[in-house]
Structure formats: C-alpha cells, structure tokens
Amino acid sequence: MIRLFLFARLISGALLSGGEPGAACHPVEAEAIYGRDLAAAVPAFAAIPPEAQLGHAPVPGMERVFTPPELRRLAREYGLDPTGFFSNVCFVWPVEPLTALAIEQALQKTLAGRDPRIEISSWSLAPAPRGELVFPLAGLSVQSDKPAIWKGYVTYGKAKRFVIWANVRISISETHLVLDNSLRAGEEPDSTRVHTEAYRGPLPREQALTDLAQLENVVARRDLQSGVTLLESMFEAPLDVQRGELIAVSVESGAARIETQGVARQAGRRGEIISVINPKTGRAYRAKVEGKGSVTVVPGGTLGLVGDESKENRS
C-alpha cells in the first residue's frame with residue numbers, strides 16, 4: 001500500500017509540474033497565452049484562431065498548465081476533435097540568471113557622465129525574465145564608501161517589473177555647485193554667487209547640480225545656507241499662478257471661446273490643475289494652468305462660469 005501511495009504521489013507531481021516527467025514547458029512572453037502558442041505546442045490545434053486568448057500567461061518562475069480536460073474543452077469550443085488529449089501542456093515565461101556584466105552595464109547607464117568606479121560583490125540569485133535592467137538612483141540604500149544594496153528591476157511584458165538587487169560599492173568623479181551666500185525659500189539663485197568644487201567620493205543618493213545652466217528658471221524650495229552643496233531636490237520651477245491672484249480664464253465650448261477672469265484658490269505651475277473662483281458668483285471650478293497668470297477651464301469644470309458669462313454678453 002505504501003508503494004502504491006508513493007507511486008500515486010509521483011504521478012500527481014509530474015502532472016502538476018507540466019506533464020510527463022522531464023517534459024519541457026513551452027515559452028511565452030506576452031500577457032496571455034494565445035491560440036498560436038497552443039498550436040505551436042500541440043499541432044492538433046493548428047486551426048484555432050492565432051489571436052484567440054486562452055488564458056493568462058504565467059508570471060516569471062511559474063508555469064501555466066493546460067490539463068487534458070481543459071484541452072478537450074478548448075477543442076470542442078473551437079470545433080476540433082476533442083479525442084486524443086491525454087497529457088498536460090505547460091507554458092513558462094523564460095527566465096535567466098543575472099550576470100555581473102549585465103548589472104554593471106545597467107549601472108553605467110544610470111551613472112553616465114559621472115565617471116563611476118563600480119565594484120559588484122553580490123546580486124539577487126533568482127532568475128529574471130529577459131528585459132532591460134534598470135537601477136534608479138532612488139533604489140540606492142545609503143551613501144557610503146562601503147558596499148551598499150542598490151535595488152532595481154527588469155522591465156518585461158507591458159510595463160511589468162521584476163525586482164532585483166545588487167550589493168555594490170561605487171564612487172564617482174564630477175563637479176558640484178556650492179552656494180556662496182544664503183538663499184531664502186522662493187528666491188531665484190544668483191549664478192555669480194556660486195562656485196564649483198571637484199568631487200570624488202561615494203555616490204550620493206540625491207543628484208547634485210553640476211552646471212550653472214541648471215540654476216536658470218528655478219527657485220529655492222526652502223532656506224539654504226552658504227556653503228551647502230546644491231542638489232536638484234532643493235529647487236523647483238517658479239509658480240505661474242499665485243493663490244488669490246486675479247487671472248485670465250479661457251473657456252472653450254464647441255466652436256465658442258469665452259475669455260473672462262477668475263481668482264485662483266490655489267497656487268500652481270504650468271500643466272497643473274487648480275481650483276478657481278468666479279468672482280461674480282463665488283462658485284468654484286477646475287482649470288489647467290497654461291502660463292503666467294492664465295488658465296483654461298477643464299471639461300466638467302465650467303459650473304457657474306459659462307452660464308453667467310453668457311447672460312452678461314446678452315445684456
């Protein structure tokens with residue numbers, strides 16, 4: 001009885017893992033398993049529509065198994081002979097081990113122009129799907145001259161990500177901008193009050209400014225003290241609309257275009273959606289900031305605006 005039980009478990013395990021012992025799974029690298037995939041694996045399904053979606057594709061590292069009952073059901077559904085299907089058919093998203101070379105090339109791409117020195121001591125061992133390796137700066141755990149974990153991902157399929165990591169020690173060589181005088185929040189930096197310093201050391205998690213052109217058309221996010229190394233995160237684009245400001249408002253309705261004024265309830269920059277008040281009715285609506293002191297009402301945001309202006313134009 002024990003031998004029979006073990007034999008049954010062995011057969012069951014073989015079926016769940018994709019069919020006959022040692023049988024290879026068929027590769028798929030799409031969001032779904034299509035008729036063309038099944039036809040390539042089982043010639044008896046050659047007449048099935050190539051674009052027919054038969055099920056979700058497996059995630060990397062897993063298998064999708066079609067059992068004999070499923071195959072017979074699909075055959076009947078597409079008018080094929082349902083007899084003769086006695087084995088599982090499995091599909092797998094191909095994966096492959098990461099290599100130090102591929103990781104280094106991805107890191108070089110992230111650090112282009114920063115003269116990096118890269119030492120890779122270890123990395124994630126799980127095989128990954130084929131795709132582009134990406135190591136964003138935000139994935140670096142710490143700024144240190146010792147090895148640190150840098151998290152990244154492999155892009156595959158339609159905007160899917162497979163998480164990876166590498167233990168690396170990195171130094172860079174570049175020129176940093178350093179502030180000579182203090183700067184208040186909201187003020188524009190003066191490029192004549194900034195000097196450059198050569199830097200060779202650990203990779204900072206935040207991107208430092210390296211060119212005076214980066215100080216154009218920006219303002220400080222917060223108060224900055226003299227002597228600080230300037231970082232991208234310290235600056236932002238200036239506001240195009242100030243809260244409480246009287247602004248020009250454009251409304252388009254079909255071929256008609258109305259020009260009026262409104263009061264900004266929120267500050268905003270070009271492309272942002274803010275709340276605006278009709279000063280005559282007190283009603284609020286949504287509008288998109290188009291430029292300095294001007295907005296366009298977004299669809300569905302014209303409540304209390306078009307109607308009032310239309311009445312005014314008729315009077």
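These notebook entries record what I looked up in the structure.

**Entry 1. Basis**

I worked from a predicted model, in which local features need pLDDT of at least 70 and side-chain atom pairs count only at pLDDT 80 or more, while totals for chains, interfaces and linings use all residues. Residues are numbered from 1 along each chain as its sequence is written, and side-chain values use heavy atoms, with hydrogens and water left out.

**Entry 2. The chain overall**

I began with secondary structure, where helices (H or I, at least four residues) and strands (E, at least two) are DSSP runs numbered from the N terminus. The protein chain comes to five helices and 19 strands.

I then looked up burial, with buried meaning under 20% relative accessible area, exposed over 50%, and partly exposed in between (1.4 Å probe, protein chains only). Of the 315 residues, 36% count as buried.

For contacts I took heavy atoms within 4.5 Å. Among the contacts with a separation of 6 or more, 53% are between residues 24 or more positions apart.

**Entry 3. Salt bridges**

I counted a salt bridge where a side-chain nitrogen of Lys or Arg is within 4 Å of a carboxyl oxygen of Asp or Glu. The structure holds 14 salt bridges.

I noted Glu 51 with Arg 36, whose closest N and O atoms are 2.9 Å apart. Glu 51 lies in the loop between α2 (35-41) and β3 (53-56) and Arg 36 in helix α2, so this pair ties together parts that are 15 residues apart in sequence. Glu 51 is exposed at a relative accessible area of 55%, and Arg 36 is partly exposed at 38%.

I next noted Glu 77 with Arg 73, where the closest N and O atoms are 3.3 Å apart. Both residues belong to helix α3 (residues 68-77) and sit four residues apart, about one turn of the helix. Arg 73 is partly exposed, its relative accessible area being 40%.

A further salt bridge joins Arg 169 and Glu 119, with 3.0 Å between the closest N and O atoms. This pair links distant parts of the chain, 50 residues apart: Arg 169 is in strand β11 (residues 160-179) and Glu 119 in strand β7 (residues 117-123). Arg 169 is partly exposed at 35% relative accessibility, and Glu 119 is partly exposed at 47%.

I also recorded a network of salt bridges that links Arg 221, Glu 236 and Arg 269.

**Entry 4. Helix α4**

Which residues of helix α4 (residues 100-110) are buried? I found Ile 103, Ala 106 and Leu 107. Seen down the axis of α4, these buried residues fall within an arc of 100°, so they line one face of the helix; the arc is that of the directions from the helix axis to the C-beta atoms. An α-helix has 3.6 residues a turn, so residues three or four places apart point the same way. On the other side of α4, I found Leu 101, Gln 105 and Lys 109 exposed. The cover over the buried residues of α4 includes β7, β9 (132-134), β10 (148-156) and β11.

**Entry 5. Two buried loop residues**

I looked up Ser 124, which is found in the loop between β7 and β8 (128-129). Ser 124 counts as buried at 8% relative accessibility. Leaving out residues up to four places away in sequence, Ser 124 touches Leu 98, Ile 164 and Trp 165. Ser 124 and Leu 98 are 26 residues apart along the chain, and their C-alpha atoms are separated by 7.6 Å.

I then turned to Leu 230, in the loop between β13 (219-220) and β14 (235-236). Leu 230 counts as buried at 0% relative accessibility. Again leaving out residues up to four places away in sequence, its contacts include Leu 177, Val 194, Leu 209 and Phe 235. Leu 230 and His 176 are 54 residues apart in sequence, and 7.4 Å apart in space from C-alpha to C-alpha.

**Entry 6. Cavity**

I took a cavity as a set of points, on a 1 Å grid over the protein atoms alone, where a 1.4 Å probe fits but cannot get out, with lining residues having an atom within 4 Å of a point. Grid points are joined across faces, edges and corners, and the volume is the space filled by probe spheres set on the points.

How many cavities of 30 Å³ or more does a search of the whole structure find? The search finds one. About 60 Å³ of space lies in the largest cavity. Its lining includes Leu 140, Lys 146, Val 168, Arg 169 and Pro 202. Strand β11 gives the largest share of that lining, three residues.

Definitions and conventions:
1 Å grid on protein atoms, 1.4 Å probe; cavity = no way out; pocket = protein on both sides within 12 Å on 5 of 7 lines; lining within 4 Å.
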